[in-house]
Every structure is written in structure tokens, then in C-alpha cells.
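Dear colleague,

Please find the structure below, followed by a short account of what was found in it.

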Amino acid sequence: MGLLERCQELFKTSNLYEVLGINKEASETDIRRSYYKVSLKVHPDRAPDDPRATETFQVLGKLYAVLSDKEQRAVYDEQGVVDEESDILSQDRDWEDYWRLLFPKITVQDILEFEKKYKGSDEERQDLMQLYVQHQGEMNAITASALCCSQEDEPRLCSIIQAAIESGEVTAFPAFTQESEKKKRARRKRADRERQEAEEMQKEMGLDDQDSLVMMLQQRQKAREQNFNSFMSDLEAKYSQKSEKPQKSKRGKK
């Protein structure tokens, strides 16, 4: 069974871009980031209860190998087919090692440096506009999904969104423009409770500031009922630098 057929079986679509939730015009960075997010859901170490996790993870690895190779992607874009005999698909590769090579672990210092550069950047604004449209102005969902976002950032983010609405850049969704004070207070109260719980746990466990940062981020995302640590997932996908591609091995015998 070829790659496209396996995608159809596992993801209900044979379109490689649709599997990653992106379009044909996606940049290399978009492809890389989307591959990371989708692969996390089925990584064998993080989906132990899924009997097909390993198979699905391997298929995603091959899919990314095709779309990240300029020649292979060009063939797929033009003809809608995948060269199953190419080195990147026929070689015997450990796709978990390949994944770890692409996405090395980041440190707390990396997080702090990224946050400093990210806040107030064009990238943050672009991500915020995308989240605003995606969630149709629902601030609970926006603040839960935004990178490097705390309760203190909400007025600033709302100001950016309001300016975009007034300029006609985005639609004025009622969920944003007509959000009740009760809902805003509930969000602030939840954030305060999460912060207090994190501080109490820090004292009980004797954690330093860096350990506390990681713990607080994880606890906040868990409380918001997001997929495991989506902040860290998004950040790794954004922050990890592009590694050199593994050298192609000789094609093995059929």
C-alpha cells in the first residue's frame, strides 16, 4: 500500500496537505509546524492507548519527508502522485529518530528568550489575528491558545484586535464586541486561581523560578482542558531551528 492510500486509510484523506491541516501554498515553516502538531497527537510515547499510533506516526514521517523535499513536493503538486521508489521513502529509516532530529528539546532559557522576542512582534499579531478568526472572537479560546499569554496580556491583545476591527481587517464578531463583564470576570478569576495554585505548589515542592515557570505553564494548559501542554508544543514547533536533513542512504532491495 502506497503513502497516499495509507493516508486515506488512517486520516480519511489522501491529500497530504489536508492531513496536516494546511493548504497547497503553505511555506516550509508552516509545513514543519503543522507536521509537529499532528505528529504529537500520535507519537507512540504520547499515545500509548492507540494501537495504530506507531503506524500513523511512520506515515506522517514519510508525508513530511515528501513535502519537505523540493523535488518530491513539486512532483506531488504537479501530478498528485508520490514517487514510492525515491530514496526518502524506500530507505529503512527510524522515523522516531528522524523526528527527534527535527525537533530537539528546548530549555527554559529558550522559552524566556522566545517570549521576550515574541511579545509585541509582527508574528504575535499575525498569530492573534488567525486565532481571532478561527475562534470567531471567543476570548476564552483565544487566550487559552495564544502563545506566551497571561492574564496581564489580555488588555494588550484586546487592543490589537479592536484596532484590527476598526480598520476593517477582521470581522467584528459579537462574541468579542459584546462579551459580558461576567464572562470577563470569570476568566480573570480562573487565571488568578491558577496562578495561586502554581505559587502554592512551588512552595510545597521547593521549586526554583525556572522549574516553577514550566510547572505553571503545564498546569495552566491542563486547567484549560487543552491537548497536553499545547503551549510547549507550539513553542517547540516555532522555536526549534531547522536541522540538516539526514543523508540519503542507498535504496534497498525490494
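At 16% relative accessibility, F173 counts as buried, because buried means under 20% relative accessible area, with exposed over 50% and partly exposed in between (1.4 Å probe, protein chains only). Y132, at 0% relative accessibility, counts as buried too.

This is a predicted model, in which local features need pLDDT of at least 70 and side-chain atom pairs count only at pLDDT 80 or more, while totals for chains, interfaces and linings use all residues. Residues are numbered from 1 along each chain as its sequence is written, and side-chain values use heavy atoms, leaving out hydrogens and water.

The whole structure holds four aromatic pairs (rings of Phe, Tyr and Trp, the last by its six-membered ring, with centres within 6.5 Å; planes under 30 degrees apart are stacked, over 60 edge-to-face and the rest tilted). One of them is stacked: Y35 and Y64, 4.5 Å centre to centre with 10 degrees between the planes. Y35 lies in helix α3 and Y64 in helix α4, so the pair ties together parts 29 residues apart in sequence (helices are DSSP runs of H or I, at least four residues, and strands are runs of E, at least two, numbered from the N terminus). Both Y35 and Y64 are buried.

The rings of Y132 and F173 have centres 5.2 Å apart and planes at 50 degrees, so this pair is tilted. Y132 belongs to helix α9 (residues 122–134), whereas F173 sits in the loop between α11 (154–166) and α12 (174–177), 41 residues apart. Together with F176, Y132 and F173 form one aromatic cluster.

Yours sincerely
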